[in-house]
Amino acid sequence: MARKPAQEPAQRWRELVEAVEDARRRYYQHDAATMSDAEYDVLFRELVDLETAHPELASADSPTQSVGGERSEMFEPVEHLQRMLSLDNAFSEDELAAWAARIERDLGATPELLCELKIDGLAVDIVYDRGRLRSLATRGDGRVGEDVTYNVRYIPAIPRQLTGSAGHPVPDLVEVRGEVYFPTAAFEALNDEMLAAGRSPFANARNAGAGTLRQRVDRREAELSVMRDKGSTTVPRLEAELELAKRRLGGLQLIVHGVGVWQGHEPSRQSEAYHALRSWGLPTSDRAKVVGSLAEVQEFVGYYGEHRHDVEHEIDGVVIKVDDLATQGRLGSTSRAPRWAIAYKYPPEVVRTRLLDIEVNVGRTGRVTPFAVMEPVKVAGSTVSMATLHNQEEVVRKGVLIGDLVFLRKAGDVIPEVLGPVVEERTGDERAFVMPTHCPSCGTPLAPAKEGDVDIRCPNARSCPSQLRERVFHVASRGALDIEGLGFKAAMALLDEGIVADEGDVLGLGRDDLLRSQFFTRAEAGGGRVLTANAEKLLTELDTARSRPLWRVIVALSIRHVGPTAAQALAREIGDLDRIAAMSAEELAAVEGVGPIIGRAVVDWFEVDWHRDVVEKWRAAGVLLAEERVEAGPRPLDGVTVVITGTVEGFSRDGATLAVQEAGGKVSGSVSKKTDFVVVGENPGSKYDKAVSLGRPILDAAGFAVLLEQGPEAAAAVATTGAP
């Protein structure tokens, strides 16, 4: 079977990201949609399927990455009253038993446990003020989500007014957490409707529900109103699309499974809270069950493991919680998950499919990654046609041949993985994969980056077309300089047309440069060419990008191993790119959050002549290569090392860190005997436990204020300690 060129998956991903983001900008920001819902749905679904099947292509730049991550810029932000935490997972009975044993050890007894089904839906946060719905938001990053309150008017399952009773009065303020989902029957009907209309079906119920809830129905209504006033011929189509959106919203269901803030008479148990929620009109699961032993938990897990497809909605496991709320508080949470709850994930589904080919991608740092191309198959709710194979050694270890029938699973119901071949099904026509000896993009001989490295790389970093395109595009990515208008197609055009030679030329682009590009210009009636609106936007974005913080500049340089965390550490502690370039690997490694591998990578990068040329081009273009620091003023925390864990009242996480730094102190990411103070906010993590074990001074929000305003001596007087 003939295959498309090996670079096609990565290139197609870039094309889909650019097309979807452009459609969103035009539709939601400019009220000038350039494609129908059907075309948009096909593009978005293809993007979701590609990222599900080929995880090494997915990144935070993708428009699909909003749930459980940063919120989409399409929606207004909503700050949750209490942070929405994730859940730790158990994938075996042994892991579940180990969690239960830790709970029993910490408490000295076995508490009653609440078992409930883990719905495969979209997590939401709902706030009711005096019984009236105030906001509905997606989880976002756990602290800030997306405001989708407007859509509630079309979702009957979510009450807009709570009704209390004498036994269960509605609190003045209550924040509840739940899961929005499509019932299996409604999802299947939706896909039948999509297919009947000639559209691509949704891959799974969760994505269908998430996409439905996160529609901007208000924008559609506004556009329809304008078009009606204009007497536009598009009104019938817009009306039909709006009714379809409302009908889909009406099919969504909700199950509430937790509470955040609760002002008023609070329940003593989670199960009691569920009774109260249900009495107010909020839907809770009738399958939740309180049990008194691990054996009963395992019985509950085993039953629904066998009957998971008998439930009216998709489930991917069981959530087990300590039922008593006071005990939950005693057990506390880590930085990301409560210690009093765990999600038991059912074993991933395993299917068989044909391995059609093994191809390779070339990334921006030259890494050549093999991936499996398979006959499309549905596994764990989504259709998979590709899966990563990591490197040549992994292909050999798994023993797979091209043409094999293979076992495929989605580990953790997320990442497609080739387990190995079905050997007994071989016909003799299968063939071994041979890692290319030369780069498929530029023809350069491939080699490990260093002796013993299992990753094969293209060393032609400067001029390999694949690496060049990826690096130019990376400069503009959201994690780097965030330049809107410089997508993958634009990056290709700038390189192909000779407008830029490498990423160093990007920040120096001006009007005259773009006028030489066919991609960024359009023909005038008189025969000349003028810049497109996108080109004008790009020029504005470039001006903004030249003033981005130093850490973003460091990320944009594409230094191996250096992501946002390490870049922020370097910018915070050193603050000047020239100083960073002059430091030794040992000096860099000593920076908190850097370490020897990253330190050596930074030194190696700056030893390359053309890398330094990139920096000089950016300097000449006016890019800020140093942090602006205010040296004047009191610095009461000089020489003081502070660790911050949890959310400190009155501060964002970055704000608390900045306050310490502005006072001359150092913020560390880990607790040691050299730590002077540990500031503990709401929902502290394991750093609090480490501070207690080491007996380091601990400050609450009030103590933190004393530290900032009066200095370390005054703070020491109000600090507590974990020393015995």
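At 21% relative accessibility, Lys246 counts as partly exposed, where buried means under 20% relative accessible area, exposed over 50%, and partly exposed in between (1.4 Å probe, protein chains only). The model is predicted, so that local features need pLDDT of at least 70 and side-chain atom pairs count only at pLDDT 80 or more, while totals for chains, interfaces and linings use all residues. Residues are numbered from 1 along each chain as its sequence is written, and side-chain values use heavy atoms, with hydrogens and water left out.

Lys246 forms a salt bridge with Glu243, and the closest N and O atoms are 4.0 Å apart; the term denotes a side-chain nitrogen of Lys or Arg within 4 Å of a carboxyl oxygen of Asp or Glu. Both residues belong to helix α7 (residues 235–250), where Lys246 and Glu243 are 3 residues apart, about one turn of the helix. Helices (H or I, at least four residues) and strands (E, at least two) are DSSP runs, numbered from the N terminus. Glu243 is partly exposed, because its relative accessibility is 46%.

The structure holds 30 salt bridges. In one of these, Glu312 is joined to Arg287, with the closest N and O atoms 3.0 Å apart. Glu312 is in the loop between α9 and β10 and Arg287 in the loop between α8 (270–280) and β9, so this pair ties together parts 25 residues apart in sequence. Glu312 is partly exposed at 39% relative accessibility, as is Arg287 at 22%. A further salt bridge links Asp502 with Lys617, the closest N and O atoms being 3.5 Å apart. Because Asp502 lies in the loop between α13 (488–496) and α14 (511–515) and Lys617 in helix α21 (residues 609–620), the pair ties together parts that are 115 residues apart in sequence. Asp502 is buried, with a relative accessible area of 5%, whereas Lys617 is partly exposed at 31% relative accessibility. Arg12, Glu15 and Glu46 are linked in a network of salt bridges.

An open sheet of 5 strands, with mixed pairing, has the order β2-β11-β10-β3-β9; two strands pair if DSSP finds at least two bridges between them. Its edge strands, β2 (89–90) and β9 (289–291), each pair on one side only. Strand β3 (residues 113–119) pairs with strand β10 (residues 315–322) in the antiparallel sense over 7 bridges, and Leu113 has Val322 in β10 as its bridge partner. Helix α3 (residues 93–107) packs on this sheet, touching β2, β3, β10 and β11 (341–345), and its direction makes about 170 degrees with that of β11. Helix α9 (residues 294–306) also packs on the sheet, in touch with β3, β9, β10 and β11, at about 20 degrees to the direction of β3. Axes are lines fitted to C-alpha atoms, for helices over the stretch in contact, and angles run from 0 to 180 degrees between N-to-C directions; contact means heavy atoms within 4.5 Å.

The largest nonpolar core has 61 residues, of which Ile483, Leu507, Ile554, Leu577, Ile580, Val602 and Trp618 touch the most other members. Such a core is a set of buried Ala, Val, Leu, Ile, Met, Phe, Trp, Tyr and Cys residues joined through side-chain atoms within 4.5 Å. Leaving aside neighbours within four places in sequence, Leu507 is in contact with residues including Val475, Leu542, Arg546 and Trp618.
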